[in-house]
Amino acid sequence: MEESKERFDVQKEVTDKYSLRGRVFHKIREDILSGKYTDNEELKEATIGKELGVSRTPVREALRQLELEGLVTIIPNKGAYVTGISTKDIHDIYVIRSYLEGLAARWACERITEQEIDEIEEIVYLSEFHAKKKHFDQIVELDNKFHESMYRASGSKILEHELTTFHHYVERIRKKSLHNEERALKSNEEHTAILEAIRNRDGELAEKLAHEHIIQTILNMNKQGL
């Protein structure tokens, strides 16, 4: 019994450790993607650790993980520096997303439940309301919910994970794009059409519309000079 309790305590300690590292990783990544840290800025372990109330170890582990994602460059004997997301990276992400979003919409046609359709319909309705009121922060939040709901409805954890990651990577540029009344209204019209195709279980049309929706986002970004 004692041995079993000891093993449980060790497992809990390991779980807590990785949970802490995960929280530190997501916080630093969020700060990089939001623009809190600028390109080439040094990320000092001690400073970040003090700010987050943790030791340097989880910060160091998080920075190594961020290096694997291409957001940080670690130079031996010098330190860790922000690599960030370049304009080319953003364009590449949107092009890749256009195909993956299409796949998510096609699979959603096969796997979505009526309850999930109702939830997405409510998101679209609220988005239209806030777009007309120029409540841009709410529009961005609802845009997140629309896409995340479609990812879940695809029934693929792998596809959901990849698309969610890409979605977060371009969050700053998405906010700028959707803080435009014309684009906010047009984007919701595109969401409505995608939803209708999914409701009708028309996989080919849903895939085409979801793909074109992201392409339109790219064109709008170019138009706005983003």
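Reply: Happy to! Let's begin with burial: buried means under 20% relative accessible area, exposed over 50%, and partly exposed in between (1.4 Å probe, protein chains only). With that scale, K175 is partly exposed at 38% relative accessibility, and E171 is partly exposed too, with a relative accessible area of 24%. The side chains of E171 and K175 form a salt bridge (a side-chain nitrogen of Lys or Arg within 4 Å of a carboxyl oxygen of Asp or Glu), with 3.8 Å from N to O. E171 and K175 sit 4 residues apart in helix α8 (residues 171-178), so about one helical turn separates them. Helices here are DSSP runs (H or I, at least four residues), numbered from the N terminus.

A word on the source: this is a predicted model, where local features need pLDDT of at least 70 and side-chain atom pairs count only at pLDDT 80 or more, while totals for chains, interfaces and linings use all residues. Residues are numbered from 1 along each chain as its sequence is written, and side-chain values use heavy atoms, leaving out hydrogens and water.

Next comes the pair E45 and R60, whose side chains meet in a salt bridge at 3.2 Å, N to O. Because E45 belongs to helix α2 (residues 45-52) and R60 to helix α3 (residues 56-68), this pair ties together parts that are 15 residues apart in sequence. R60 is partly exposed, at 29% relative accessibility.

Across the whole structure, the search finds 21 salt bridges.

Key
Helices (H or I, at least four residues) and strands (E, at least two) are DSSP runs, numbered from the N terminus.
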